[in-house]
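Please keep the sequence and the structure in view while reading.

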Amino acid sequence: MAPPSASDFGGIPGTEADPYGATVAGEVTINDILNKEEPAAATSQESAPAPSSEPESASSSETTEFVVCPKCGAQVPRGFKFCGVCGHPMEEAQASEEDLNATVQDMHPPQPVAMLMSQDPQHGPTKLVDLYDGQEMVVGREVSDFMSDDYYASPRHARIVINNGEIFIEDLDSLNGVFVKISSSSDPMPLEDGMRIRIGGELLKFRRYPAPKPSEDGAIPAGSPKRAWGRLEVVTGPGKPGRAYALTKDRYIVGREEGDVIFPEDGYVSGKHMEITKMDDEVFILDLQSSNGTYLSIREKARLEPGNLFLMGWRLYTIELV
């Protein structure tokens with residue numbers, strides 16, 4: 001390999017520099033070269049430089065970028081092939097500068113803003129995984145260790161997103177859905193056609209009947225005297241409704257001991273568990289401060305409050321901010 005020339009150090013054509021800084025008569029050192037600007041065009045007579053309105057050093061420091069020499073730590077102007085202090089080659093150091101910046105960032109990794117927890121009635125809450133702002137985490141039987149033994153969970157069940165402190169959960173078309181607990185202290189929640197409800201060990205499905213419309217010739221569809229506006233089905237399997245309750249009144253109570261729809265053999269259902277109400281053309285559901293709560297299926301995506309309980313597969317989960 002040929003020895004470095006002065007031009008490799010940003011030197012002046014026609015001069016030679018000793019890489020170890022030794023000065024030879026009639027020559028300049030590397031440090032002189034590094035700090036020397038391009039010479040002005042040759043003139044017949046040398047004259048003193050014209051005065052500048054701004055200090056030369058200030059302009060140079062604002063425009064020159066430096067790279068740190070990996071051998072001696074000196075600052076070397078970007079583009080120089082060799083360090084002006086120790087003569088170390090600088091090409092590799094400049095090429096690895098981006099890697100160095102990435103390493104510095106790795107020294108300060110992002111901090112979690114929330115944590116996903118399971119709610120076990122016997123063992124209490126258990127931390128499962130940290131969540132980070134801007135993160136989109138898919139959970140399911142095939143992608144999450146903590147759901148691998150839950151065969152009511154789909155392979156890719158739901159997506160959890162944290163965005164500026166707000167928590168969102170999205171059902172990824174799972175077989176058994178995602179259910180969010182209704183707060184017993186909140187206002188009644190809207191109940192829409194096709195929504196599923198979990199109370200105790202029961203899975204219910206609400207169906208809304210549209211108001212009958214006369215035909216083009218004015219004939220009115222026949223039906224029972226008390227026309228139903230909806231139906232509450234007990235789901236016994238995928239697409240397999242069991243008992244069904246026609247909804248004809250404006251208010252229905254569901255529970256284990258009292259109400260219009262009762263489940264006397266389900267010990268997880270409270271005596272008076274929930275209420276379904278029809279107001280004008282809208283239907284609402286309300287938890288009656290039950291012991292184990294009322295869970296309503298989400299439609300695609302829902303916003304969660306910190307601490308909200310939600311059901312995926314056969315387990316309860318919650319997300320707490322940290």
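## Strand β16 and M279

Helices (H or I, at least four residues) and strands (E, at least two) are DSSP runs, numbered from the N terminus. M279 belongs to strand β16. Buried means under 20% relative accessible area, exposed means over 50%, and partly exposed lies in between (1.4 Å probe, protein chains only). M279 counts as partly exposed because its relative accessibility is 44%. M279 and R251 are 28 residues apart in sequence, and their C-alpha atoms are 9.0 Å apart in space.

## Basis of the values

This is a predicted model, in which local features need pLDDT of at least 70 and side-chain atom pairs count only at pLDDT 80 or more, while totals for chains, interfaces and linings use all residues. Residues are numbered from 1 along each chain as its sequence is written, and side-chain values use heavy atoms, with hydrogens and water left out.

Two strands pair if DSSP finds at least two bridges between them. Strand β8 (residues 178–181) pairs with β18 in the antiparallel sense over three bridges, and V180 stands opposite L296. Strand β10 (residues 196–199) also pairs with β18 in the antiparallel sense over three bridges; here I197 has L296 as its bridge partner.

## Nonpolar cores

A nonpolar core is a set of buried Ala, Val, Leu, Ile, Met, Phe, Trp, Tyr and Cys residues joined through side-chain atoms within 4.5 Å. The largest one has 22 residues, and L191, I197, I199, L204, L232 and M274 have the most contacts inside it. Among the elements that give two or more residues to this core are β10, β11 (202–208) and β16 (274–279). Apart from it lies another core of 21 residues, among them V139, M312, Y317 and I319.

Contact means heavy atoms within 4.5 Å. Leaving aside neighbours within four places in sequence, L191 is in contact with residues including I197, F206 and L296.

D150 lies in the loop between β5 (136–139) and β6 (158–163). A salt bridge is a side-chain nitrogen of Lys or Arg within 4 Å of a carboxyl oxygen of Asp or Glu. Lys and Arg count as positive and Asp and Glu as negative; His and the chain ends are not counted. D150 is buried but has no salt bridge, and the nearest side chain of opposite charge, R315, is 4.1 Å away.
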